[in-house]
Amino acid sequence: MLKETEVVKIRRKVLSEIAKLTFAGELDKHNIVDILDGIVTEDGPRYRCCVHKERAIVKDRVKFIMAQPLDIGITEAATNALNGQIADMPILNIMPEACDQCPIDTFFITNACRNCVAHNCIASCPKRAITVVQNQAYIDKTRCVECGLCKKSCMYGAIVEITRPCERACDIGAIKADKERRAVIDYAKCVQCGGCKVACPFGAITEQSFIVQLIQQMKANKRVYAILAPAFISQFGMKVKPIQVINALKKIGFYDVQEVSFGADIVTLEEAKEFASTVPEKQTFMTTSCCPAFVGMVNNHLPQLKEHISTTVSPMVASGKVIKEADPEAVVVFIGPCVAKKVEARQYPDIIDFVLTFEETEALFAGYGISPADMIETEFATTASRDGNAFARAGGVVQAVIDAAEKLAPDLQVKPHRAEGLQNCKVALLQMKAGKIDANFFEGMACNGGCVGGPGILIDTRVSTKAVDNFAASSSMVNAVENQKAINDSKKDIHWHKKQ
């Protein structure tokens, strides 16, 4: 499992308590307030100045977990959540009370400074902001413009650059500090990948959760389907079998559980067809479309390259379409490692009803009082192919499309390139556009390692990657052809491409 920091422990404890009270039908005004006293006690541990500050932050966290805004009372928030209401606000939000305001200077001269004779730092500073004080270089912050030339010129590496963890984690510059040094998100730039949430050591950045609204749907005996992202393998324990996770989900109230890797097989063949029909006749290269944060980065930061994105829907949406066609009354819940999927789901409100991370799903299990490891093992066979199950890790999508393209258009040459991390993706796309990278198919993943490195994971990315590879290797390549044949033979009017 991933190392549980105090931030993670607090977040998971609050999630589990909310789930527990909702399952028990006790999320009323008395019990919701008791959460604050139960999580933040007079005996500690204490992370901030006083118990009142601690409880104020937990209160804000509870509101976001119930998908409610901060400007209403906690009892009103609970009532709204129980009634199925979801506030119209961004998925990622900052809790002002929790932000430490990080009072740091960008460039700092350490004790490694030798007060050398060369004084390269002084000579390089365009604002003459550096002097020698007590036999060591000193930066006058009233003059410094944070250009970084001093850091580059120091032969000892004595000048370091310090950035706020949230800013450093954001590859696209969507988060900055305001005049009061509190972090603020520029939603015009943000793709809500969740990197800043993971990076903040104060737990000040959190996300909307829909566990209360979802539990209410299950308690109302709705047919609630869970669709599991391919990255679910090993997330709930290395010894936990896929069927145990499926049985645990059914135990807590899900009507049925299906694999999103089935949708990945559909997407693989559709993207391969699209690639064959557009490259190179219509455009020089095509990109994948399954990572919503990557797609958001292109749309927001490289709009001139939007036409290169595949129009094929993501595996999540493809899986949801199949279920909704078969059962129009279904409530479809995507379970995966991704925060950005919650944003993507808003674009398909008739297909995807809720999105949960693995962390939130673990809280559901804890709130209900079960563990997947304790579930019985019954027969299980994946409905997807090797390539579909490998979608979860970096390189999986591009390999799947290559394999499919070889069957669909043997004479078509696929020259792949891929990148992880939004900044790396941005650089690679610009180089491809300029002809500096000889490739015609690009896989872009916002998270390092691919989906297995998402902000909602429970285990180390390297361990998960290996587990996914092993599971995929045991899958049948025949499934991919059978899945597409089943869809093609169907008379149902299912469209696998986004509306233009």
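Visitor: Over which atoms is the radius of gyration taken, and what value does the protein have?
Guide: The radius of gyration is taken over C-alpha atoms, and the globule rule is 2.2 Å times the number of residues to the power 0.38. This is a predicted model. With 500 residues, a compact globule would come near 23 Å, and the value for the protein agrees with that: 25 Å.

Visitor: What does the C-alpha trace span along the principal axes of the protein?
Guide: The chain is arranged in 20 helices and 15 strands. Along the principal axes, the C-alpha trace of the protein spans about 80 × 65 × 40 Å.

Visitor: What percentage of the residues in the protein is buried?
Guide: A residue counts as buried when its relative accessible area is under 20%. The accessible surface of the protein is about 22,900 Å², and carbon and sulfur atoms hold 50% of that surface. Of the 500 residues, the buried share is 53%.

Visitor: How far apart are the mean positions of the positive and negative charges?
Guide: The protein has 59 positive and 58 negative charges. Between their mean positions the distance is 5 Å.

Visitor: Is Ile-227 buried or exposed?
Guide: Ile-227 lies in strand β9, which covers residues 224–228. The cut-off for a buried residue is under 20% relative accessible area. Ile-227 has a relative accessible area of 0%, so this residue is buried.

Visitor: How far apart in space are Ile-227 and Phe-262, C-alpha to C-alpha?
Guide: In sequence, 35 residues separate Ile-227 and Phe-262. In space, their C-alpha atoms are separated by 9.8 Å.

Visitor: Which residues does Ile-227 touch, leaving out those up to four places away in sequence?
Guide: Contact here means heavy atoms within 4.5 Å. Ile-227 touches Gln-258, Val-260, Met-316, Ser-319, Gly-320, Ile-323, Val-332, Val-333, Phe-334, Ile-335 and Ile-352.

Note on methods: Residues are numbered from 1 along each chain as its sequence is written. This is a predicted model: local features need pLDDT of at least 70, side-chain atom pairs count only at pLDDT 80 or more; totals for chains, interfaces and linings use all residues. Side-chain values use heavy atoms; hydrogens and water are left out. Helices (H or I, at least four residues) and strands (E, at least two) are DSSP runs, numbered from the N terminus. Buried means under 20% relative accessible area, exposed over 50%, partly exposed in between (1.4 Å probe, protein chains only). Accessible areas come from the Shrake-Rupley method with a 1.4 Å probe; for residues, only the protein chains shown count as cover. Lys and Arg count as positive and Asp and Glu as negative; His and the chain ends are not counted. The place of a charge is taken as NZ of Lys, CZ of Arg, CG of Asp or CD of Glu.
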